[in-house]
Amino acid sequence: MTSWRRLKPTALALIVPLLLLAFWQVATVNRWTLLIPTPYQVGEYMVDFAVGGIYDDAYSGTLLTHLLASMSRVYGGFALAASFALPIGLLIGRLPVARMLLDPFLQIMRPIPVTAWLPLSMILFGLGAKSAFALVCLGAFYPILLNTIFGVRAVDPKLFEAASMLGCRGNAQFYKVVLPAAVPSIFTGLRLGLGLAWFVIVVGEMTGVPQGLGAVIMDGRTLSRTELVICGMIVIGVAGYLSDRVVVALGNRLLRWSPNHHG
Amino acid sequence: MAKATVPIVDIRDVSKVFKLQDRSITALSGANLSITKGEFICLIGASGCGKSTLLRIMAGFDQPTSGEALMWGKPITGPDPGRGMVFQDYALFPWLSVRDNIGFGPAARRLSTAEVKATVDKFIDLVGLQKFATAYPHQLSGGMKQRVAIARVLANDAELVLMDEPFGALDAMTRERLQDELLEIWERTKLTVVFVTHSVEEAIFLAGRVVVMTPGPGRIESDNVLELARPRDVASPEFNDIRRVLGAKLHSHHSKVASAPSSAV
């Protein structure tokens with residue numbers, strides 16, 4: 001009984017993926033489509049992609065190389081985005097002048113999708129890694145920015161009164177009240193930003209970089225190697241998921257005080 | 001007449017007008033109140049009578065539109081650790097443990113770590129929250145949160161404790177316990193307490209003086225010294241006599257408002 005209770009979440013979580021896998025199997029075995037390989041073929045190719053030894057082509061045993069290349073762009077672009085978005089967000093949230101100066105501009109820039117920036121990015125940053133970096137950074141920028149602004153502006157005004165009657169005034173309130181109160185929201189922004197960094201990695205790596213999961217998927221498309229495309233997709237999904245779990249675990253430790261922050 | 005001692009708080013002809021777009025609302029009109037150190041005063045009245053406004057002016061959160069609010073003869077220009085506020089919704093810092101909430105004021109005054117620790121220990125003991133020292137506010141009951149809020153103000157050496165319906169959100173049992181504890185602390189520490197409530201019974205149970213306020217515009221209706229011996233028995237005939245008198249004063253504005261409905265602001 002107790003073991004079932006522990007296994008239940010895992011069991012429930014597996015139902016949908018397994019059904020999808022079964023449908024995929026049925027669809028490919030019955031030749032409803034000829035362009036998609038069977039799950040088994042993809043699985044076999046995944047093993048080859050990871051460790052090689054089956055097909056021994058240009059992609060055999062290269063998973064780690066591509067994964068590391070993508071990770072460096074995801075985390076690098078994310079870190080760059082955070083280093084811009086956090087200070088700008090704090091400024092816009094706290095200073096009306098900064099808000100009036102930057103907010104309208106950013107609101108107009110925000111709906112422009114990362115894909116639309118691709119050509120300009122290649123002109124500005126050239127073909128290759130720099131461009132990929134810039135696009136990932138752009139993708140992660142807005143969620144971090146908006147959540148930081150929100151967190152800073154949504155501080156309960158009573159807390160400022162409480163702080164000032166306890167002798168904490170002026171700039172000290174920024175460090176003692178505004179920042180800690182905004183942490184949950186900033187954290188949500190960082191989590192969404194990192195998720196989006198993974199989300200836009202394929203676009204980022206459309207810029208002609210030789211390595212990276214996005215590059216693999218683009219190659220797979222050009223070469224009509226659908227199993228390669230699916231392998232790339234699965235690796236991105238799993239890597240993004242694991243990366244998010246680490247962030248959530250970190251958040252649960254850091255935000256023990258927050259009643260609505262246990263993911 | 002003997003030379004009067006300087007009151008801890010002196011409210012002189014204080015009015016407060018709030019501007020809302022094109023309307024202005026007189027929240028408080030011509031209030032006069034003088035508080036001696038060590039008094040326990042309750043401000044009581046229906047909503048809109050200006051009791052919270054008066055309290056916020058004493059705290060320094062709001063400035064009077066006219067008149068002056070003095071503490072020890074000096075104008076109150078802003079919030080100060082000497083005047084601690086206990087809010088109805090606690091206003092604890094949710095990211096700080098019970099210890100750190102209580103230590104917030106002492107730390108803001110740049111006491112040494114050892115001094116902060118000693119102060120915190122003393123006031124955690126006072127409000128009986130030793131077992132919850134490391135808990136966060138969201139893990140506490142309403143009564144415990146309000147104990148932390150009281151300890152936080154006391155730990156900061158506040159001479160004057162301003163309480164804005166502090167027990168209004170608590171259940172009856174918890175409220176009674178906290179009333180007893182508050183009286184005990186007041187008797188032990190000789191603090192000056194100004195306590196806002198809308199419960200006549202709470203006011204009579206706690207206060208040495210009950211200031212009755214009426215709305216439309218908010219003003220002080222009467223200032224009543226209670227001679228009832230402590231501890232007070234809410235079921236005694238004397239208690240009920242006072243309750244009847246104050247109840248009548250509390251509702252005295254009804255007839256007035258009814259006779260002049262259009263003059264209400």
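Student: Is Arg110(B) buried or exposed, and how many other C-beta atoms lie within 10 Å of it?

Tutor: Happy to. One thing to keep in mind as we go: this is a predicted model. Arg110(B) is exposed, because 9 other C-beta atoms lie within 10 Å, and a residue counts as exposed at 12 or fewer. You will find Arg110(B) in the loop between helix 2 (98-108) and helix 3 (113-126) of chain B. Its backbone deserves a glance too: phi is positive, at about 60 degrees, although Arg110(B) is not a glycine.

Ser224(A), another residue that is not glycine, has a positive phi near 55 degrees. Ser224(A) sits in the loop between helix 10 (213-222) and helix 11 (226-254) of chain A. It is exposed as well, with 9 other C-beta atoms within 10 Å.

Chain B contains eight helices and 10 strands. Its C-alpha atoms fill a box of roughly 60 × 45 × 45 Å along the principal axes. For 265 residues, a compact globule would have a radius of gyration near 18 Å, and the 19 Å of chain B agrees with that. Buried residues account for 44% of the 265 residues in chain B. If you take the contacts in chain B between residues at least 6 apart in sequence, 69% of them join residues at least 24 apart.

The sheet comes next. Six strands of chain B form an open sheet in the order 6-7-8-3-9-10, and the pairing is mixed. Strand 6 (83-86) and strand 10 (219-225) of chain B are the edges: each has a single partner strand, so one side of each has no neighbour in the sheet. From one strand to the next, the twist averages 20 degrees. A parallel example here is strand 3 (residues 40-44) of chain B with strand 9 (residues 209-214) of chain B, joined by four bridges. To see how they line up, look at Leu43(B), which stands opposite Val211(B) in strand 9 of chain B.

One joins Gly216(B) and Pro217(B), with omega about -10 degrees, and Pro217(B) lies in the loop between strand 9 and strand 10 of chain B. Another joins Arg230(B) and Pro231(B), with omega about -5 degrees. Pro231(B) belongs to the loop between strand 10 and helix 7 of chain B. That brings us to helix 7 (residues 237-250) of chain B, which lies across strand 3, strand 9 and strand 10 of chain B and runs at about 25 degrees to strand 9.

Leu159(A), Phe160(A) and Ala163(A) of helix 7 of chain A make the contact with Gln173(A), Lys176(A), Val177(A) and Ala181(A) of helix 8 of chain A.

Key
Residues are numbered from 1 along each chain as its sequence is written. Chains are lettered from A and ligands numbered from 1 in the order in which they are written. This is a predicted model: local features need pLDDT of at least 70, side-chain atom pairs count only at pLDDT 80 or more; totals for chains, interfaces and linings use all residues. Two strands pair if DSSP finds at least two bridges between them. Helices (H or I, at least four residues) and strands (E, at least two) are DSSP runs, numbered from the N terminus. Axes are lines fitted to C-alpha atoms, for helices over the stretch in contact, and angles run from 0 to 180 degrees between N-to-C directions. Two residues are in contact if their C-beta atoms, placed from the backbone, lie within 7 Å. A residue is buried if 20 or more other C-beta atoms lie within 10 Å of its own, exposed if 12 or fewer, and partly exposed in between; C-beta atoms are placed from the backbone. The radius of gyration is taken over C-alpha atoms; the globule rule is 2.2 Å times the number of residues to the power 0.38.
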